[in-house]
Each structure stands twice: as C-alpha cells, then as structure tokens.
Amino acid sequence: MANGGRSSPSKKTNMHLAPSPEPKCPSLGKGTETTNLYLTFKTVLPVANTTIATSPATDTGHEPPPPPDLSRYADPVTWPNSRKNVLLFLSCAATFLTAYTSGSYSPPQSLMREDLGASSNVAVLTGITAFCGGFGIAPMFLAPFSEMNGRYPVFVVSGIVYVVFQAVCGVVQTLAGMIVARFIVGIGGSVFSTMVGGVIADMWEKEGRNTPMALFSGSVLAGTGAGPLFAAMMTYRLADIGTGNAAAWKWVFWHQVIMGAVVMVALVIFFKESRGSVLLSRKARALNNWYGELEERGYYGLWIEKDGRLVSSNTVVSSYAGIGSEANSDEEKGPRSPVISSTANLRRVRWIVKEDEERSSLAKMITISVTRPFYLLFTEPVVFFFSLWVSFAWGVLYLTFGSIPIVFRRQYGWNIEQAGYVFASLFIGGVLATGLGIWQEQIMHHPKWVAQSPPSTTSQSSSSLVPGTSATASSSSASPEDTTSKNISPSLDTPTSRSDRIWALIRRRFPVSAPESRLYCTCFSSVLFPIGIFIFGFTSNPDIHPVVPAFGLVLVTTGITTIYLAVFNYFADTYNKYASSALAAQSLCRNVVGGSFPLVTALMFDNLGEVKVGGMLGAIAAVLTVVPWVLVFYGERIRARSPFATQQENSQV
C-alpha cells in the first residue's frame, strides 16, 4: 500500500498526547521501512501510536486493538518466589523419581533372571548399564531442542516416554526387551537430572542458586537410596505371589508407573516455561503481532526521539507488568498520557531477539552438542579432572546397589529385605548433604567474609538496533556492589583485632566472588567420601555392629552429594554459556562409569573381600580429594589459560 496522508485523531482514544508543541507525525504505511530493535527483559517498551491514524485502515475496525498481556513473558528471575518454588518442587520430585528408578531395578534381579530366562544375575544387571547409557547419551541430543523450543515441551514428552516404558518393563518377557525398555526409560528420565540445573539457572542469579541446587542434588541421592529400599521390601514379600505377568513382584515397576503418571500430570498442569530466550521470542512475537493489528487499522509506528531514544509512558512499562496494565491507568482520571516531546517521530518498529539470530540450525546445534563435550573433556583440565572425580563417586554409588545385599547377607546373614533397610543410609546421607549445602550458602554470606570481596562487574542490558539501522535504545543501572562498597564499615577495612586480621586474610586469599568459592566447603566435606568407604570396608564383619558400616554409607553418600553439587555450581560459574557442554561431558562419564560398576561388584567382593575392596576404593577416593584443593589455589591461573572460561570472564567486563 502507498503511504497514506496524515489523518485526524479519532475521538475516542486509549492514550492521548501531551499538550503542544506537537510531535512530528510523518506519513507512514506498509511501504515505510521497518526498524528492527533487539528486545531484552530490561527493555523499556516505547509508546505505540494508538491515536493518530497515519494510513487508511485495511479492515472494518475503527478502534485500535487492545495491547497484549505480556505478564506471561516475564523474566523468570523476577518471578515471585511462590512460582519459583513450585517449579523447583516439581523438578526435584521428577529428579527423585528418576533416581528412584535407577536403584530399584537391582533387588529383584534373581526373580527377573528366572522370569526372563537370563543366564546369570550379571546379565540381568545390564539393565542398569542400559539405563545409564540412555541417561548419559540423550541429553546431548535433547539439549538443543530445549534451547530452541523451551524446557516445557522437552520435559512433558520425555516424561511421557519415561512412564510408558516403565510400564513396558512390567510386561516384557525377554531379557533383550527389558534392556531396550530400560535404555528408553533412561532416555526419558535423563532430562530430569541433566536439565533441572538449567531450569534453576533460568530462575535464580548466581548468588541465590546454591540452595535450590543443594535441594536438587539432595533429591538425586535421596531417590537413589529410596528406590532399592522399597524395591527390596517388595521383592522379599511378594516373591512367591503369582507367576508371569501376574507376578506380584512386578509391582516394583508398576508402583513407579503410578508415581510417574502423577508427577507427569502435575508437570503438564503446573510447570511453566522458564527458558529466557524462548520467552523473549514469544514476547517479541506478541508485540509484533499487535503492531501488525494496529497497522491494519491505520495506526502505524512507535514514538522515537531523533537521537534514537525510545519514548516511554509516564509509568514505566516494565517487561513484567506488560503493556496496558492497571498501573498505567487511574480509575478517576482515566488513562495517563505519555509525555511525547516535539522532537519525537513515529517509526515502524519490529522486535527481534539476539539469541534467535545467533542460533544455528537444529542439525548444527546437535553436532555441536555431541562434539563439544568431548572437546572440553580432553582439552580442559578442569572438566577432565572434575569428570574423573564425580564419575568415580558415581561408580561407588552404583556399586552399593549390589554390595549392600552381598556384604550384609554374607557377614550378617540378612535376607534381601533386611539388607534393603541399609539403603536408608543413602537417603539419610542425601538429606544431610542438602542441609550442609544450604548451611554452606549461609557461611558464604557472612558479613565479615563478603565485606571487602572484589566487586564483580555487572553487565548492562540494552535495547539496541541491528547493525545498519538508525535508532537505538539503552538502559543501565548502578551495580549493587557499588552501593555495598560505599557502606563498608571502617572497622572491616582496618583490622583492629586478631579476629579481624583472620577475616582479612580469608577475604584476601579466599574471595567469595571467585568461582572457586563454590569449592571452599567441598574441600573439607568431600573428605567424608573416602572416610566412609574405609569405614564400610574395614568394619563389615560379624564382630562389629552392622550400624557401623551403615554409618560409613551415610558418610559416603554425604560426600558424593557435596561433590555432585560442587561440580554443577563450579561449571555453571566458570563456563556459563558453555556450562551445558561441560555438564554433558561429566554426565556422560558419570553414567558410563556408574553403569559399569554393578557388572563387576560381585566379582570384586568375591575375589578381594570387603577389606581389600574398601581399601582400594577408599585410597582412590582419597587421592581424588586433591582436585578441589588444586583449583582453590591455582584455579584462577588454570581458568586464565582456557579459551572458554576466559571468554566468559571477558564478557562480563
């Protein structure tokens, strides 16, 4: 359509202009060039023209259409705590359930051997290996889908696959069918372990991320202990009831199907999309569609100053409140008028999201998702040694699926149900480690520790033009650290007592602003891992009360949980945009090692015995506890040599 002439304002308006001098209203139409602006969550949305018809309408409507409700596209970081906590609870519940599935498979292995016609228990245990295989491989392919389409569809579809193939495990009649079903169950359940960390990162800034990450890590270990505990009880009590598909012991699978279905229904109803770039894309689409509807009725353009500044209304239209919210009106005085200067012009604008432009094709994203984790694994010392550490810890965890029944049957004469109660140690250890992780966060915020920590540079978000266009918009805010630094007490700047001097030394040598701060407490708590292994191996004999080796397992699980939490937090802080690749590398290694250990558990304990196995594994665990200490003292130098970690640090300056 050719550019139409300027028409007089309609008599009824949603927003009326401020008094003269009047802004310039050029003739706009479909042929007018469109300016593309980048949209961020901090963009202050400009005033849309809803009063001056600059071109003849192309439909029969006269009044401008109402603005869209943008509250659904709010930045997840600004969500109310109630909404964040609901998503965190659902994520942890799903994580608990998938961890429950990994361990519950082991207790009925003898019954499955008879039912499936397997040659040995080791053959049956390949179902754990298959589960871990799907668990480790799937995220490399599913992660790109979640980046492009959001968390919600990936969670829902994967949850359905998980529940359906859990049911298949309950009816399958061959070992090959069981292995295939377990592999697919691992694929479906993998997102609730590997992608929940991403959901937490979506909703919390770095400073507030530790507590939800501790709850997530605790749910993993608690589920790993609860699964074999209840499965052992069912295996013992239902072993002789029914045959074939009617065998009562198959409720080991069916009760998980029921729990999984309940959790998945809750996810479908209550889980909300948390991927920021996806929400921004939807917000841009909603705004652009509204602008298109306005133009169909002859209202073209947004008000923009000559120097490129966007003209906003008196009441700042934030990305959370949306356009047309109640804040922009007064019941007695009517709609508030935007202040539009005489230098403002109307300009056709469309919003775009930077992440959409930078996003590659799905095939390329999958290629990067599959190859980059291996590249990081073999070129980044941090990724390699952390993956080695957490993989060994995960192998020991999966070793308990077979070692607990073997040791307590051989040393104390317990049946499978009695030995199953020992798995409560894993549950208790996970809960204790969660509390330890939350307490660690409180320690890190001690006022005398954070007082003189070097302030981190906060990035400023702006709405800027795509190269080649003329209008720009930006916004900035003062760093909260700047305000904090001005209010530091002089007594903290100048140590006056022995305590102050100690805190000054701690602040200087161990700053809380460094990524290595995630490892300070782990340096000490991870020692529980080898200590627990030694206790379990050296005290598992009839002359010592069985509560002692069970206590050793509590320490083992507590240590493993702290290691798991440290890996997630440190990778997220160090690699940020590459964190998903680093976490995928450790996840693959962790699941490969974890899936392999159950196959050799009986062989190790039969040939070496409890003492030698405990001594060997404990010694390896003790050596690996050096990893966090090395990073605490040399982490800054190591990160400086990394092109991936260094890029992230530079991007924050």
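## Ground rules

Because the model is predicted, local features need pLDDT of at least 70 and side-chain atom pairs count only at pLDDT 80 or more, while totals for chains, interfaces and linings use all residues. Residues are numbered from 1 along each chain as its sequence is written, and side-chain values use heavy atoms, leaving out hydrogens and water.

## Overall make-up

The protein has 24 helices and 8 strands. These are DSSP runs numbered from the N terminus, with helices being H or I of at least four residues and strands being E of at least two. Of its 653 residues, 53% are buried; buried means under 20% relative accessible area, exposed over 50% and partly exposed in between, with a 1.4 Å probe and protein chains only.

Contact here means heavy atoms within 4.5 Å. Among contacts between residues at least 6 apart in sequence, 85% join residues at least 24 apart.

## The nonpolar cores

A nonpolar core is a set of buried Ala, Val, Leu, Ile, Met, Phe, Trp, Tyr and Cys residues joined through side-chain atoms within 4.5 Å. The largest one holds 142 residues, and the members that touch the most others are F216, W351, F386, F529, F571 and Y575. Helix α12 (residues 381-412) is the biggest contributor, giving 18 residues.

## α12 beside α20

Two packed helices are described by the angle between their axes and the distance between the axes. Axes are lines fitted to C-alpha atoms, for helices over the stretch in contact, and angles run from 0 to 180 degrees between N-to-C directions. For α12 and helix α20 (residues 528-539), the axes come within 11 Å and cross at roughly 20°. The two helices are therefore roughly parallel, on a scale where angles under 35 degrees count as roughly parallel, over 145 as roughly antiparallel, 65 to 115 as roughly perpendicular and the rest as oblique.

The α12–α20 crossing is left-handed, meaning that the near helix is turned anticlockwise from the far one by less than a right angle. From α12, F392, A393, V396, V407, F408 and Y412 meet F529, I533, F536 and T539 of α20. By class, this contact has 9 nonpolar, 1 polar and no charged residues; Ala, Val, Leu, Ile, Met, Phe, Trp, Tyr, Cys and Pro count as nonpolar, Asp, Glu, Lys and Arg as charged, and the others, Gly among them, as polar.

## α1 and its partners

Helix α1 (residues 81-104) packs with helix α5 (residues 175-194) at about 150°, their axes being 9 Å apart, so α1 and α5 are roughly antiparallel. In α1, A94, T95, T98, T101 and S102 meet R182, V185, G189 and F192 in α5. That contact has 3 nonpolar, 5 polar and 1 charged residues.

With helix α6 (residues 196-203), the axis of α1 comes within 10 Å and crosses at roughly 170°. That makes α1 roughly antiparallel to α6. Here K84, L87, L88, S91 and T95 of α1 meet V196, V199, I200 and M203 of α6, a contact with 6 nonpolar, 2 polar and 1 charged residues.

## A loop residue

R297 is found in the loop between α9 (276-296) and β2 (302-304). At 26% relative accessibility, R297 counts as partly exposed. The C-alpha atoms of R297 and P65 are separated by 8.5 Å, although the two residues are 232 residues apart along the chain.
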